[in-house]
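Student: Could you walk me through this one with me asking questions as we go? I'd like to start with how the strands line up.

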Amino acid sequence: MVTIIVINYKNEELTIHFVNNELSRLAGEFNVVIVNNGATIASNEALSRNLEAPVIYDDNFVSSTNNRYIISSNENIGFARGNNLAARFDNEYLKSDYLL
């Protein structure tokens with residue numbers, strides 16, 4: 001299994017478009033983990049509603065029916081730490097063979 005990590009920072013529309021339109025072109029089964037940097041209630045709700053994905057707060061893992069997950073980060077932890085957060089989430093819960 002492959003997990004694709006996407007970092008969002010105050011641009012939910014672009015992230016939603018990318019996941020729903022661009023990633024849907026890929027063949028095969030994969031997970032998508034979105035780290036919502038600088039998350040607000042509204043941004044988490046918009047991502048969750050449009051991507052049909054659960055929002056993960058403080059390691060409260062919730063299974064997803066479409067292999068999409070949103071990790072909420074109240075502060076902007078940046079690109080590198082965001083990727084590390086998603087990688088730790090994947091390692092603990094999803095156990096993918098590869099991360100992109």
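Student: Which residue stands opposite Ile 70 in β4?
Tutor: It is Ile 34 that stands opposite Ile 70. This is a predicted model, in which local features need pLDDT of at least 70 and side-chain atom pairs count only at pLDDT 80 or more, while totals for chains, interfaces and linings use all residues. Residues are numbered from 1 along each chain as its sequence is written, and side-chain values use heavy atoms, with hydrogens and water left out.

Student: And how do β2 and β4 pair?
Tutor: Strand β2, residues 30–37, pairs with strand β4, residues 68–73, in the parallel sense over six bridges.

Student: What is the bridge partner of Val 35 in β4?
Tutor: That partner is Ile 71, and Ile 71 is also the bridge partner of Ile 56. β3 pairs with β4 in the parallel sense over two bridges.

Student: OK, what's the order of the whole sheet?
Tutor: The five strands form an open sheet in the order β3-β4-β2-β1-β5, with parallel pairing. The edge strands, each pairing on one side only, are β3 (55–56) and β5 (98–99).

Student: Is β4 mostly covered or mostly open, and how many of its residues are buried?
Tutor: β4 is mostly covered, since six of its six residues are buried, where buried means under 20% relative accessible area, exposed means over 50%, and partly exposed lies in between, using a 1.4 Å probe and protein chains only. Arg 68, Ile 70 and Ser 72 point one way from the strand, whereas Tyr 69, Ile 71 and Ser 73 point the other way. In a regular strand the side chains alternate between the two faces of the sheet.

Student: Which strands does helix α2 lie across?
Tutor: Helix α2, residues 41–51, lies across β1 (2–9), β2, β3 and β4, and runs at about 180° to β4. Such angles run from 0 to 180 degrees between N-to-C directions, with axes fitted to C-alpha atoms, for helices over the stretch in contact, and contact means heavy atoms within 4.5 Å.

Student: Switching topic: how many aromatic pairs are there?
Tutor: The count comes to five, where rings of Phe, Tyr and Trp (its six-membered ring) pair if their centres lie within 6.5 Å, and planes under 30 degrees apart count as stacked, over 60 as edge-to-face and the rest as tilted. Phe 61 and Tyr 93 are stacked because their ring centres are 4.6 Å apart and their planes at 5°.

Student: Where do Phe 61 and Tyr 93 lie?
Tutor: Phe 61 lies in the loop between β3 and β4 and Tyr 93 in helix α3 (residues 78–94), so the pair ties together parts that are 32 residues apart in sequence. Together with Tyr 69 and Phe 89, these two form one aromatic cluster.

Student: Last one: which residues touch the most other members of the largest nonpolar core?
Tutor: They are Val 19, Leu 23, Val 32, Ile 34, Leu 51 and Ile 70, in a core of 13 residues, a nonpolar core being a set of buried Ala, Val, Leu, Ile, Met, Phe, Trp, Tyr and Cys residues joined through side-chain atoms within 4.5 Å. β2 gives the most to this core, with three residues.

Technical notes
Pairing = 2+ DSSP bridges. Helix = DSSP H or I, 4+ residues; strand = E, 2+ residues; numbered from the N terminus.
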